[in-house]
Amino acid sequence: MSASPLIEIRDLRIRFHGDDGRITHAVDSVDLSVANGATLGLVGESGCGKSVTSLAIMGLLPKQSAEISGAIRFDGLDLLQTPDQTLRDLRGNRLAMIFQEPMTSLNPSFTIGDQIIETILRHRGGSRKSARERAVELLRRVHIPSPERRIDEYPHKLSGGMRQRVMIAMALACDPRLLIADEPTTALDVTLQAQILELMRELKAASGAAIILITHDLGVVAEVCDEVAVMYAGEIVERAPVDELFSAPQHPYTVGLLGSIPRLDHRAEQLATIEGMVPNMAQPPAGCRFAARCPFVLEACTAAPPPLVEVSAGHLSRCIRAPLERLVS
Amino acid sequence: MTALLEVNGLVKHFVAERSLFGRPVAHVKAVDGVSFSLEAGKTLALVGESGCGKSTVSRLVLRLIEPDAGTVRFAGRDLLALDAGGLRKFRREAQIIFQDPYASLNPRMTVGQILTEPLALHDLVPPAQRRARVAEILRLVGLEPRLARRYPHEFSGGQRQRIAIARALAVEPKLIICDEPVSALDVSIRSQILNLLRELQDRLGLAYIFVSHDLAVVKHIADHVAVMNLGQIVETAEADALFAAPGHPYSRALLSAIPVPKPQAKRSRIVLQGEIPSALNPPPGCRFHTRCPYVIDRCRSEMPQLVPDGIGHATACHRTSELPSSAAIVPSDGGFSPVLEKLVAAFSSGPEAVRGGGV
């Protein structure tokens, strides 16, 4: 790990206040950091808080209903204390995001060229002509064929894979230091997915940007991430270098996740399942949030919330039974 | 032994554009000469990229849409010759489960009503016994009978997919078409539904046509796989044979791209260049030739036929015999590490398996 990370999140907590007065604990005491040039995978199932965390980094959560505390340090700034004007200068510039839905995140009434050029002019200034040249160059970099012609097309003329590449080109327009990709390949066919992952690897090698990749696909994580954080019910339950997470996970939830995906080389009659349901986040359980679904549960698990402790160098687990090898040896 | 389902030369072209006078001027060749067969109790997976025609095939097989040409025989009967009454009887024997369990259940009906409807429509169970039968079906898919009084919105995605499966099972079909049944679900829920589908197949002898773009899931569940590209089957084989050594260049590219949950997995990924040609105007000759790394002149003019190799592995490629070995194409995930193997086993068998015991 490098001495000073590019982005460092400390004790991030996010609560949503509903109209009916209910408070949802979406994210609780999340600590994360990503070094320059590294890729962090943020993994978990629907509603675990991974997308909300990324929206908090981007400053895109609604101010009226979201109560945010903690610190998000990026490049010498605390993003949570930064005025809106400064955030607007950062977004699309040094901080960029790729969303999951390329169909809905492009504006249908402007050409893709207009949308990329707008970003460049907003942050870099210069002439429209030079911005257009840069846009063509960006489209070429994400392997869009005949970009000089494509740049004047509207989003509906492009296939899903092409639109996703346009989104990536737009995110890269100002050479971001941090790129957040929220399920960038989920809506795509496996052949396109391969192209996009290849592209992300190329870009990381070329620009040295840090990437936070949000996904529920553990295959994708294994391919592109250096480090992984697993989230469950608003908390990080495990953080580890990617190799270790896949060979010796230290949280029962991670074990369940890894056991539930079909393997190519391991023909199991039955896949592992995680019984039960995610807890109601309006009233999170007092102890471990996974306790009700955990086959390794002890009485102590439900008494107090377990801390995130280091099991081995760089490998953290929020489970009092870790290291889990002890349970099966 | 005759197959449960035999499909021959199936063709479906949709009209994409009409002239001023209503004459069709452009067609989407969604399905163009598809043949396969499926035995009772087995699973055939249809795989391919979006727009390759896999969902259209599944609807043609059920005669939810009418084919332009070809035959479909189900248990020896010609489906396309059936009249309304015959078709209704056929619907008892073949059912479908859709991808989106939020859209496929009527929000105004309770689960009990949803499950009673097919029983009443086909007059399968006398009214007095319907409630008991609904309870039985719910238990079959792992839901408690008391849930019959609830509405779909009260259930999670995984539970709703169980209800959709229960509805399909209500008429005791022989064939269920599963159109991306787990794509909308979270991984842990996905494994529950996959386990359930498999268990039901063993218990009830169901045949499945499984439409999916998730190839690891396909490897897990299918006996046979047909790979489709632009309305045609380019390769068909036993699942194990296909994943061991895919023949067609398109299958090679598809299987080489599977992301596997193993860091630093060895792979020889083939990243396809170029866009998928439009089904409106498929290229002449082999429909894959615009993206194929092994293309020769013959591929541009002459359409290859599916040629079986004698052990049921058929490939539609002019160059099948000349292509390099594909043995290392499919990435290896190495299965579980020894520690993970034990942990997953302990996780699945519950507290008793763990040293130190549970609560």
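This is a predicted model: local features need pLDDT of at least 70, side-chain atom pairs count only at pLDDT 80 or more; totals for chains, interfaces and linings use all residues.

User: Which secondary structure elements does chain B have, and how many?

Analyst: Chain B holds 11 helices and 12 strands. Its radius of gyration is 22 Å, close to the 21 Å from the globule rule for 359 residues, so chain B is as compact as a globular protein of that length. Its C-alpha atoms fill a box of roughly 65 × 65 × 45 Å along the principal axes.

User: What share of the contacts in chain B joins residues at least 24 apart?

Analyst: Take contacts between residues at least 6 apart in sequence; 64% of them join residues at least 24 apart.

User: Now a helix. Which residues of H1 in chain B are buried?

Analyst: General idea first. An α-helix has 3.6 residues a turn, so residues three or four places apart point the same way. In H1 of chain B, residues 54-61, the buried ones are B:Lys54, B:Thr56, B:Val57, B:Leu60 and B:Val61. They lie on the same side of H1(B), because they cover an arc of only 160° around the axis. After H1(B) comes B:Arg63, with a positive phi near 55°.

User: Is A:Thr104 buried or exposed?

Analyst: Exposed: the cut-off is 12 or fewer neighbours, and A:Thr104 has 11 C-beta neighbours inside 10 Å. A:Thr104 sits in the loop between strand S6 (95-98) and helix H3 (112-124) of chain A.

How values were computed:
Residues are numbered from 1 along each chain as its sequence is written. Chains are lettered from A and ligands numbered from 1 in the order in which they are written. A residue is buried if 20 or more other C-beta atoms lie within 10 Å of its own, exposed if 12 or fewer, and partly exposed in between; C-beta atoms are placed from the backbone. Helices (H or I, at least four residues) and strands (E, at least two) are DSSP runs, numbered from the N terminus. The arc is that of the directions from the helix axis to the C-beta atoms. The radius of gyration is taken over C-alpha atoms; the globule rule is 2.2 Å times the number of residues to the power 0.38. Two residues are in contact if their C-beta atoms, placed from the backbone, lie within 7 Å.
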